[in-house]
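Visitor: Could you walk me through this model, with the cut-offs behind each term?

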Amino acid sequence: MRRNARSWLAFGPIVVLAVIAGGCGNATKPPASTGLAPTAATAAPPPATTTTAGQGSAALTAEASQAAAGDIPDNQVFLTLRNNAERYSIRYPEGWAQRGTGAKVTFQDKNNLVRVETLPGARPAQTGVTADLNTLRRRSPSLSFSPPVVTTIHGRQIIKVTYSTKSAPNPVTDKRVTLVVDRYYVPGPAKYAIIDLGTPQGVDNIDAYKLMIESFRWM
């Protein structure tokens with residue numbers, strides 16, 4: 001998992017927008033994303049209705065009190081969550097704290113954050129994702145996004161975007177934690193999932209997060 005995050009494009013499956021998402025040590029550059037290599041930006045998005053602005057999930061937020069976590073080790077053990085209520089499964093690192101059991105489930109280890117949220121409706125088109133992200137930007141002007149991109153995972157077209165966000169200042173050190181997040185919009189039966197994979201800027205968890213997004217299955 002110590003592979004250079006810039007060596008492969010955002011985790012090949014979901015798509016996103018990029019303006020600047022703090023790359024390692026430089027918040028003015030688009031962050032390296034985790035996952036499969038996206039298809040060409042000109043690829044036609046899957047036919048679908050547009051997501052209503054404001055319908056999507058809120059942005060992840062880092063904790064000012066938590067220092068950047070280390071890389072997820074190569075020998076990390078993964079468990080499988082089977083969310084029978086929302087009818088999906090996903091693998092996650094053993095030992096991470098889990099919150100939620102229904103439409104919104106979060107896994108966390110310090111400032112390594114993973115959230116899976118399901119919403120009703122047809123798969124979002126790129127225009128819908130853009131509207132969703134513009135809503136997030138209005139709520140949090142400091143957020144930076146990359147443009148939505150269509151990628152493929154397990155033969156399914158999904159949309160991916162990368163964004164960065166900063167924590168509030170640490171009350172003692174006055175430092176902020178920059179969180180770089182790969183967001184995936186995954187279509188499902190009569191619903192879709194928004195999967196956020198967040199890690200502190202400068203921490204390389206590409207392989208672990210690639211494993212997680214590729215493990216996501218609708219049941």
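Visitor: How many bridges join strand 6 to strand 8, and which way do the two run?
Guide: Helices (H or I, at least four residues) and strands (E, at least two) are DSSP runs numbered from the N terminus, and two strands pair if DSSP finds at least two bridges between them. In strand 8, S164 is the bridge partner of S144. Strand 6, residues 144–145, is joined to strand 8 by two bridges, and the strands run antiparallel.

Visitor: Before going further, what kind of model is this, and how are residues and side chains treated?
Guide: Residues are numbered from 1 along each chain as its sequence is written, and side-chain values use heavy atoms, with hydrogens and water left out. Local features need pLDDT of at least 70 and side-chain atom pairs count only at pLDDT 80 or more, whereas totals for chains, interfaces and linings use all residues, this being a predicted model.

Visitor: Over which residues does pLDDT stay under 50?
Guide: pLDDT is the predictor's confidence in each residue, from 0 to 100, and its mean over the chain is 77, with 73% of the residues reaching 70 or more. Where pLDDT is low, the predicted coordinates should not be read in detail. The stretch where pLDDT stays under 50 is residues 1–54.

Visitor: How many bridges pair strand 8 with strand 9?
Guide: Strand 7, residues 149–153, pairs with strand 8 in the antiparallel sense over five bridges, and V150 stands opposite I159 of strand 8. S164 has V180 of strand 9 as a bridge partner. Strand 8 and strand 9 also pair in the antiparallel sense, and their bridges number eight.

Visitor: Why is strand 8 described as largely enclosed by the rest of the structure?
Guide: Buried means under 20% relative accessible area, exposed means over 50%, and partly exposed lies in between, using a 1.4 Å probe and protein chains only. For the chain of 219 residues, 52% count as buried. Strand 8, residues 156–166, is largely enclosed because its buried residues number eight of the 11.

Visitor: Which residues beyond four places in sequence does I195 contact?
Guide: Contact means heavy atoms within 4.5 Å. Leaving aside neighbours within four places in sequence, the contacts of I195 are R115, V116, D182, R183, Y184, V186, I213 and F216.

Visitor: What distance has the polar contact between the side chains of T199 and N112?
Guide: T199 lies in strand 10 and is buried, with a relative accessible area of 8%. Among the residues that T199 touches, not counting those up to four places away in sequence, are N111, N112, V180 and Y209. A polar contact is a pair of N or O atoms within 3.5 Å, where within protein one must be able to donate a hydrogen and the other to accept it, and residues adjacent in sequence count only if both atoms are side-chain atoms. For the side chains of T199 and N112, that distance is 2.8 Å.
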